[in-house]
Amino acid sequence: MKPDQMTPAEPTSPPNPPLSRTAVRRNRIVAVTFLVVVWVLLWGTLSWANVISGLVVATILLTVFPLPPVTFAGRIHPLGTARFLVRFLRDLVVASVQIAWLALRPRHVPRSAIIAVRLRVNTDLNLTLTAEALSLVPGSLILEADRNSGTLFIHVINVDSLSEVEKFRGEVLELEARIVAAIGSPEEQRLVRENPPPPVDLEGAAA
Amino acid sequence: MTIVAVTVTALLAVAGALTLARIIRGPSILDRAVATDVLLAIIVAAIATEAAYSRDATALPVLVVLAVLGFVGSVSVARFAARRNK
Amino acid sequence: MNLDAVLDIVAAVCLISGALLSLAAGVALVRFPDLLTRMHAAAKPQVLGLLLVLVGCGLRLRTGVDITTLVLVGIFQLATAPVAAHMVGRAGYPHDDIRSDLLLTDELAAHLDRVAEDRPEPTPA
């Protein structure tokens with residue numbers, strides 16, 4: 001398998017475009033909201049005292065430890081998010097059962113592979129979310145990420161042939177498509193629609 | 001509920017013993033880091049089971065601390081090992 | 001059958017299956033051949049097993065304050081387990097612990113070679 005045969009290289013936006021003022025403000029609001037929610041959950045009761053002290057703590061935290069700029073260009077699509085979550089939970093169960101079975105199966109040493117998959121949407125957020133989700137779905141574990149080209153290096157467990165590896169490559173891209181359908185911007189969704197997984201994996205699935 | 005608690009305790013004890021075996025055998029520090037992470041998760045599960053059995057929520061804040069601690073532990077070990085490899 | 005009894009039974013099922021998955025993770029840790037496959041065990045059955053135990057615990061306690069704490073533990077676990085696995089994998093990759101004879105392909109090695117070749121020329125960050 002040569003790296004040239006990877007998913008078609010699509011010139012995406014540079015990994016870290018400078019943020020506009022509104023984007024910075026929006027990021028800060030999202031971060032503060034998230035921190036306040038965690039704070040309230042920690043206390044366990046929703047009261048004004050908790051919300052206000054949470055706001056104070058969140059502001060201090062974000063001033064002392066500023067977050068790296070992460071662009072959130074899209075918006076949350078409820079249907080896509082629900083679909084992603086349901087599928088994610090199912091995948092988590094399947095993955096756990098698969099690993100449990102592999103562990104208990106007598107006299108079997110699982111074969112694995114390390115593959116490179118180039119994502120279609122090269123943003124930090126998409127890379128992070130896809131990598132996180134990949135580690136919890138069947139068979140895959142993130143090893144390394146290359147931000148410049150938007151490539152994830154994935155360890156795949158329990159593959160017996162190269163055609164299965166190719167099939168897996170398609171599954172990674174499907175996972176990415178589900179994430180983009182959940183939180184991507186219209187432009188990112190267009191990018192995913194116009195670059196369906198290469199036909200290689202169809203052959204792999206048929207073989 | 002007592003039977004359930006005993007079964008869960010036995011299962012978790014065996015799991016903990018196996019994990020401990022991996023921590024002792026190694027071979028590398030990263031294997032040990034991964035196994036320690038799992039051991040910590042087993043401890044969290046055991047404390048949660050105790051809370052469920054006795055219907056007593058006193059120990060729950062400990063779970064939050066342990067959940068974060070496991071993460072911080074493996075990440076710092078991984079960073080340490082990465083620096084030494086270079 | 002009243003609601004309490006039903007909830008208790010569901011909680012018991014969750015607790016036991018969670019413990020079984022933890023056991024599977026322990027067995028996998030001992031039996032799998034190399035670091036990367038063991039990390040699969042730490043990332044998947046372990047997380048789901050812990051989540052199931054937390055759900056079982058929440059079903060038994062049934063008070064708002066405790067359930068928020070348990071939800072928080074679950075979210076931390078889901079968010080941090082892959083990150084921890086990634087950090088360990090990255091630190092361990094070009095290392096003897098990984099059985100390359102069990103790998104079908106290794107595209108990361110090719111990538112690292114290319115990076116090493118590129119290094120002499122000044123590359124834009």
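Predicted model: local features only at pLDDT ≥ 70, side-chain atom pairs only at ≥ 80, totals over all residues.
Just beyond the end of helix 1 of chain A sits Gly44(A), whose phi is positive, at about 90 degrees.

Helix 1 of chain A also takes part in the contact with chain C. Here 37 residues of chain A meet 37 residues of chain C. On the chain A side, two or more residues come from each of helix 1 (21–43), helix 3 (78–104), helix 4 (124–136) and helix 5 (162–183), and likewise from strand 1 (112–118), strand 2 (140–146) and strand 3 (151–157). Helix 3 of chain A supplies the largest share of this side, with eight residues. Sorted by class, the side of chain A that touches chain C holds 28 nonpolar, six polar and three charged residues.

Chain C is in contact with chain B as well, through 44 residues of chain C and 44 residues of chain B. The elements of chain C that give two or more residues to this side are helix 1 (3–31), helix 2 (35–43), helix 3 (45–61) and helix 4 (64–92). Of these, helix 1 of chain C gives the most, with 15 residues. The side of chain C that touches chain B is made up of 27 nonpolar, 11 polar and six charged residues.

Terms used
Residues numbered from 1 in each chain as written. Chains lettered and ligands numbered in written order. Contact = placed C-beta atoms within 7 Å. Helix = DSSP H or I, 4+ residues; strand = E, 2+ residues; numbered from the N terminus. Nonpolar A, V, L, I, M, F, W, Y, C, P; charged D, E, K, R; others polar.
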